[in-house]
Amino acid sequence: FARDESKLCRAIVYSPNGRFLAWANGSTVQICTVSNWKVVHKLPRPKAFYLKFSPRSTYLMTWEIYTENPKDEVKEKPNLFLYDVASGREVFSIIQKRHADWEMHWAADESLFAVMVGGEVLFYEVKPDADFPTKPTKRVGGMRNGGVSVSPGPSPPYVTFYVPGTKGAPSMCRLFRYPNLEANQPVASKSFFQADKVEMMWNQKGTGVLLLTSTDVDQTGVSYYGKQALHFMTTKGDSYAVQLNTEGSLHAVAWSPRSTEFCVVYGFMPAKATLFNLKCDVVFDFGTGNRNSIYYNEFGNLLIFGGFGNLPGYLEVWDLNQKKQIADLKAPDTTLLEWSPVGDVFLTATTAPRLRMSNGFKIWHHTGALLHETHWPEKQELLEVIWQKYAPGVLKENAISNEKIEGIASKTPQASKQKYVPPGMRNSLSAGSGETASSAATARAPIPGLPPGYRSSVQQAKDKKQKPKNKNKPNEGTTANPTNSNKTAANGQSGQNNRAASAGGSNNAAGNGQEKKNRPKTAPNPNPMAVAQDGNGTAENTPKRPQHGSGDPEKDKKIKTINKKLKDIKILKEKNERGEKLEQTQIVKMNSEAELLKELKALKAS
């Protein structure tokens, strides 16, 4: 059909039987027939935000964001509309303020639909030979912040209600068979405490429903994404809690199109993936991998595990008939993945608004070969890509072949595999060459406003630590050069006595023609005379100041001990003056000051 050039297209959908295609372009909602691609209806819904067909493609639902205009006479206006696809006539409208779970929940034969408005669920029965109902047949209240789901199986359908817990009471999901919706008539029920919201997922046959419960905040602090749990109810009245044998988030849950098993991805990365049967027993364990999503093909014989979002786009393709992995590939920046109705190829796409750069899509064979690639023009955004639908039973299941086929090479630019270099180290010789920062300082690009080769005080301090300490000591077995030694002594500073002593020792050794051996640091200094320098740079020998003592080692030891005790007593007195509480032993020690002074005086006098 003719390309719609409108820049306000925001929704597109195929009918389940594949006969119609509908899209919203910001001015109207257009419906065309797929057989000849001709537009058959233009619905006056310029603000349409979501579109969805009924199960048998008889009706089209449109939803708009709810708004109120105080200037209008009628402030509250309907924003959920239902149109008959054959005639294009509006048959039903209602106010629906909910953004999530906005749509009508239909029975598979379209004889019934339910819609939640506020805290009440309204049921409408649709009869073929009668006008479309405008008043609900049944109402179920007490569902504020709750949910409803109608099974896709044969009529009369099963209905599941979710009622949030209040005032310490647990949350509850109940399963009923329409029209028996009284509180004492449930087919099955399941209660749980930790649940801020519940997602209800039916299998295609309508014989079982999975309940994915989640909390916004994990009180234990284990997961940033809250806490999840999985439960299962059957139309036979059974209910189970699905046991997952590892800790961590529950990333994805999906039913097999065969309705006999379901798959769960859970746990910390690398996440586990497990296949369960209708009794919640483990059928197969796929091991661990970098994955957080599940995609079945139309026939349930192929399965893809994807790692998207905060994962770099890992894909695993599994043959479920043989329980064997076929392919392992990578599709970076993928925001959308969908299997073809044929069941052996799939597409991946990078779409806005999730990613606004490098938009486009690719088509892959299930063995991992790239078959087609389309890059979207720059400054344009790709919002959605969908496969054309076909009525159930039109396409037959193909045999799965594990033989690799040859594909095309992708023209998408690959991310650089070079080692990351900080901005301050770029354009330098040290980046990737193993040189030190000081050796590459001169090769750095000059910083604007600073001279080339400028080094901050912090960088200079680091450079000094990296430089080896050069000591002016000749090696063992070599003769010192008197000329160099004299220069060293002449250029030394007056405060560096140790360095000057080494220089003087070298002069003496050279003058006598003797060799000077290196002395270990722990050895005593054989020359008690220190070498000092005068203002002219000449060295003179000065004796060290002798230490005063009594000459009796035993007496000196006692004097030293008493002085230490007197020092401790002084500290205790200061604490006592500040009002600090002292222990009994500390008080006794403080009172012994007079005796210690008397003993010290006697030792010094003797």
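I began with R291, whose charged end sits over the ring of F305, 4.7 Å from its centre. I count a charge as over a ring if NZ of Lys or CZ of Arg is within 6 Å of the ring centre and within 35 degrees of the ring normal. R45 is placed likewise over the ring of F81, 3.8 Å from its centre.

I note that the model is predicted: local features need pLDDT of at least 70, side-chain atom pairs count only at pLDDT 80 or more, and totals for chains, interfaces and linings use all residues. Residues are numbered from 1 along each chain as its sequence is written, and side-chain values use heavy atoms, with hydrogens and water left out.

Next I looked up aromatic pairs (rings of Phe, Tyr and Trp, its six-membered ring, with centres within 6.5 Å; planes under 30 degrees apart are stacked, over 60 edge-to-face, the rest tilted). The structure holds 27 of these pairs. F49 and W63 are edge-to-face, at 6.3 Å centre to centre and 80° between the planes. F49 lies in the loop between strand 4 (38–43) and strand 5 (50–53), and W63 lies in strand 6 (residues 59–63), 14 residues apart. Strands here are DSSP runs of E, at least two residues, numbered from the N terminus.

For accessibility I use buried for under 20% relative accessible area, exposed for over 50% and partly exposed in between (1.4 Å probe, protein chains only). F49 is partly exposed at 28%, and W63 is buried at 1%.

I then checked F232 and Y240: their ring centres are 6.2 Å apart and their planes at 15°, so the pair is stacked. F232 is buried at 1%, while Y240 is partly exposed at 25%.

Notes: Helix = DSSP H or I, 4+ residues; strand = E, 2+ residues; numbered from the N terminus.
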